[in-house]
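User: I should like to go through the reasoning behind some of the labels used for this structure. Please set each value against its definition.

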Amino acid sequence: MNPATALAPAAGRVAGWRAAFFALLGAGLVLAGGLAGPSLAALLAVAAGIGVWAWARRQAPAPGSANLDINERLIQAQKMAALGEISAGIAHEINTPLAVIGQIAEWQEHLLSQPGAHSAADPGVAKELADTIAQIHAQVGRCRDITHNMLAFSRRSDAIYQDTDLARLLEDMIRLVEREHRINNIVFLRESDPDLGPVPTDPQLVRQVALNLLNNAAQAVGREGTVTVSTGRGPDGPCFTVRDTGPGITPENLERIFNPFFTTKPPGKGTGLGLSICLAIATRLGGTITVDSAPGKGAAFTVHLPPTPQPQAPEPERRLAP
Amino acid sequence: MAAIRVLVVDDEADFTALFAKRFTKRGMEVATASSGAEGLAHLAGNEVDVVVLDVMMPVMDGIETLKELKKRHPDVEVIMLTGHGSVDSGLKGLSLGAFDYVMKPFQIEDMLERIGKACDRARINRQRRPGG
């Protein structure tokens with residue numbers, strides 16, 4: 001049932017400014033309800049997605065199991081840059097009304113807490129009002145998480161390259177995921193190349209990518225399976241692979257997994273932004289991500305890093321405030 | 001090179017006191033705070049390179065504190081410390097700009113190295129900022 005409809009009879013019982021207050025609450029709920037959940041995701045996906053990918057697809061295949069040549073990488077980088085701009089624009093536009101909704105909800109809470117604010121209404125209604133306001137806060141919070149993730153695309157602060165022990169960095173992240181999935185009987189295997197040596201990269205950014213990939217791998221396995229994390233040196237530079245024994249990815253999905261908001265997880269379990277953020281980060285570091293998977297064969301995500309620090313991209317003229 | 005200035009924020013006073021003692025002995029300047037608000041207040045009046053921040057704190061938790069801290073002091077690097085880490089809070093912390101996410105208990109040598117790396121970044125951040 002639409003919460004706004006549920007509140008309508010209550011609105012009829014109060015007079016004067018209180019009626020306006022309830023109407024405002026209803027409007028807030030409709031707004032918050034409309035913004036939250038899959039409809040927001042769908043709206044943003046359409047806006048941020050279609051244009052960029054329609055354009056990019058015409059020119060290059062989606063990152064798949066094949067190695068990308070230099071041209072494709074360039075297009076991928078351009079695609080990510082365009083996506084960053086669009087995401088930041090949309091996130092910024094939505095953050096402003098979100099902030100207004102949040103403030104209205106706070107104001108409503110304040111009004112409701114005033115002595116005599118709901119003397120005319122029955123106590124059940126007051127309780128329901130408080131609950132629905134709490135819902136507005138919760139849903140606004142959810143939207144904020146989404147817009148926050150979208151802004152992560154466009155964060156333009158330059159990468160900071162530091163000599164990084166890749167195996168150790170991965171070990172930290174594996175331990176975190178391992179603890180959480182021990183009850184599901186998922187075994188985490190480590191296969192690190194002892195000759196890899198320190199990798200010049202941004203450890204903060206690589207941690208994000210690693211944790212996302214590990215979390216995805218564990219969720220793909222679900223129960224009873226293996227996640228293998230290996231490091232090594234590919235033809236272009238250092239790399240690491242997260243391989244799982246999950247159900248694998250269908251060819252149709254393989255083309256879409258890096259698209260923002262594309263998710264196969266149940267609603268509320270994933271924003272569908274994890275992999276697209278991983279790819280954006282890898283691209284920013286001058287690397288890329290490839291995936292090797294087929295139904296029934298598990299999936300392997302490989303993050304390729306450049307052998308030397310990448311020249312920093314010039315700061316864009318326009319800065320989008322978060 | 002100037003001593004590394006560390007702020008450790010944890011609601012367990014025993015932990016922060018011991019941390020301060022051990023890391024001061026290793027040549028760092030250590031300040032302590034028992035809550036997110038107290039930590040932010042310290043940052044408002046003092047230069048700090050690295051904040052070691054507990055994830056689980058009452059009232060204002062580590063993630064909330066991190067969000068506010070990065071907003072006000074983007075140059076300061078943060079190491080999240082947790083006795084009971086979760087993947088969710090790890091993802092959140094890192095995406096909010098935490099440099100590292102470390103589980104308790106830690107080895108002092110290991111933590112020293114992490115703080116050193118975080119401090120290098122903080123100083124690079126400051127150099128890059130115009131007028132910083």
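Predicted model: local features only at pLDDT ≥ 70, side-chain atom pairs only at ≥ 80, totals over all residues.

User: Why is E224(A) called exposed?

Analyst: E224(A) has 10 C-beta neighbours inside 10 Å. The limit for exposed is 12 or fewer, so E224(A) counts as exposed. Its place is in the loop between helix 7 and strand 4 (225-233) of chain A.

User: What is the class of N185(A), and on what count does it rest?

Analyst: N185(A) has 12 other C-beta atoms within 10 Å. Exposed means 12 or fewer, and therefore N185(A) is exposed. This residue is found in the loop between helix 6 and strand 2 (186-191) of chain A.

User: What makes the backbone of N185(A) and of E224(A) worth noting?

Analyst: Most residues other than glycine have a negative phi. N185(A) has a positive phi of about 60° although it is not a glycine, and E224(A) has a positive phi of about 55°, again without being a glycine. A positive phi, near 75°, is also found at G222(A), which follows helix 7 of chain A.

User: Why is H148(A) called partly exposed?

Analyst: H148(A) has 18 other C-beta atoms within 10 Å. That count lies between the limits of 12 and 20, so H148(A) is partly exposed. H148(A) lies in helix 5 (residues 123-154) of chain A, and its C-alpha atom is separated by 7.4 Å from that of A91(A), 57 residues apart along the chain.

User: How do you know that the length of helix 6 of chain A agrees with expectation?

Analyst: The expected span is 1.5 Å times one less than the number of residues. For the 16 residues of helix 6 (residues 166-181) of chain A this gives 22 Å, and the end C-alpha atoms are 22 Å apart, so the two agree. Among the buried residues of this helix are L166(A), D172(A) and H181(A).

User: What does the same rule give for helix 7 of chain A, and what makes this helix mostly covered?

Analyst: Helix 7 of chain A has 19 residues and reaches 26 Å between its end C-alpha atoms, close to the 27 Å expected. The helix is mostly covered, as 18 of its 19 residues are buried.

User: How does helix 7 of chain A meet helix 9 of chain A?

Analyst: Helix 7 and helix 9 (residues 274-284) of chain A pack at an angle of about 150°, with their axes 9 Å apart, and the crossing is left-handed. Residues from helix 7 in this contact include L205(A), V209(A) and L213(A), and those from helix 9 include I277(A) and I281(A). By class, the contact has seven nonpolar, four polar and no charged residues.

User: What makes the peptide bond from K104(B) to P105(B) cis?

Analyst: Its omega is near -5° and the bond is cis, whereas most peptide bonds are trans. P105(B) lies in the loop between strand 5 and helix 5 of chain B.

Notes
Residues numbered from 1 in each chain as written. Chains lettered and ligands numbered in written order. Helix = DSSP H or I, 4+ residues; strand = E, 2+ residues; numbered from the N terminus. Axes fitted to C-alpha atoms, helices over the stretch in contact; angles between N-to-C directions. Left-handed = near helix turned anticlockwise from the far one by under 90°. Contact = placed C-beta atoms within 7 Å. Nonpolar A, V, L, I, M, F, W, Y, C, P; charged D, E, K, R; others polar.
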